[in-house]
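Q: I would like a close look at a single part of this protein, taken step by step.

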Amino acid sequence: KGLLEEGPCISDYFAYNQSKIDLLNQLDTIVIDEISMVRCDLLDVIDKLLRFYRHESAPFGGVQMIFIGDVFQLSPVAKQEEWEILKNYYESEFFFDAHAMQQIRMAKIDLKKIYRQSDCKFINLLNDVRINEVTKEDYDLLNSRVDADAAGRISDEDYIVLTTTNAKAAE
């Protein structure tokens, strides 16, 4: 909680040896892949660490940040008790609601070409699911792929469970 409020010094929470501090000061660019999974408060900690150890008040200590990801994919994990604290400081748990993000102008690049799929029907179905605009035709196509008798022929060990969190997978 202390890092979210003004006042406490970052060095009260983190201590880096000189080689790590030297590394932070040599950075030109940081690339964060799967940015959709980075929680807002973690991004603010990165910002505070870079500003403090680089002695630079610019966002992220003046380091160029490159964020790669799809916000329609996995969201950050914030347990209920964590969100109860965070909601007093942030609009959402997503990286784009970090305080540091409000201080920068971001250039956004949308990648349009899909490399992993070539079936136009399937690509359209995935996009409809992605933006939560699933049509009856989409449901029909998905349901045409369901094998209702598979449960009787396949053991539990043969199933692959796709889900967003370890807790849901265990359940």
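How much space lies in the largest pocket, and which residues and elements line the largest pocket?

A: In this predicted model, the largest pocket holds about 1,900 Å³ of space. Its lining is made up of 37 residues, and those closest to the pocket centre are Gly 69, Asp 70, Gln 73, Leu 111 and Arg 130. Two elements, strand 2 (64-68) and helix 4 (120-130), each give two or more residues to this lining, and helix 4 supplies the largest share, with seven residues. Sorted by class, the lining of the largest pocket contains 23 nonpolar residues, 10 charged ones and four polar ones.

Tyr 53 is buried because its relative accessible area is 7%, under the 20% cut-off, whereas Tyr 16, at 33%, is partly exposed. Tyr 53 also pairs with Phe 52: their ring centres are 4.9 Å apart and their planes stand at 85°, so this pair is edge-to-face. Phe 52 itself counts as partly exposed, at 30% relative accessibility.

Elsewhere, one aromatic cluster is formed by Phe 60, Phe 67, Phe 94, Phe 95 and Phe 96, and the charged end of Lys 113 sits over the ring of Tyr 115, 5.2 Å from the centre of that ring.

Technical notes
Residues are numbered from 1 along each chain as its sequence is written. This is a predicted model: local features need pLDDT of at least 70, side-chain atom pairs count only at pLDDT 80 or more; totals for chains, interfaces and linings use all residues. Side-chain values use heavy atoms; hydrogens and water are left out. On a 1 Å grid over the protein atoms alone, a cavity is a set of points where a 1.4 Å probe fits but cannot get out, and a pocket is an open set with protein on both sides within 12 Å along at least five of seven lines; lining residues have an atom within 4 Å of a point. Grid points are joined across faces, edges and corners, and a volume is the space filled by probe spheres set on the points. Helices (H or I, at least four residues) and strands (E, at least two) are DSSP runs, numbered from the N terminus. Ala, Val, Leu, Ile, Met, Phe, Trp, Tyr, Cys and Pro count as nonpolar, Asp, Glu, Lys and Arg as charged, and the others, Gly among them, as polar. Buried means under 20% relative accessible area, exposed over 50%, partly exposed in between (1.4 Å probe, protein chains only). Rings of Phe, Tyr and Trp (its six-membered ring) pair if their centres lie within 6.5 Å; planes under 30 degrees apart count as stacked, over 60 as edge-to-face and the rest as tilted. A charge sits over a ring if NZ of Lys or CZ of Arg is within 6 Å of the ring centre and within 35 degrees of the ring normal.
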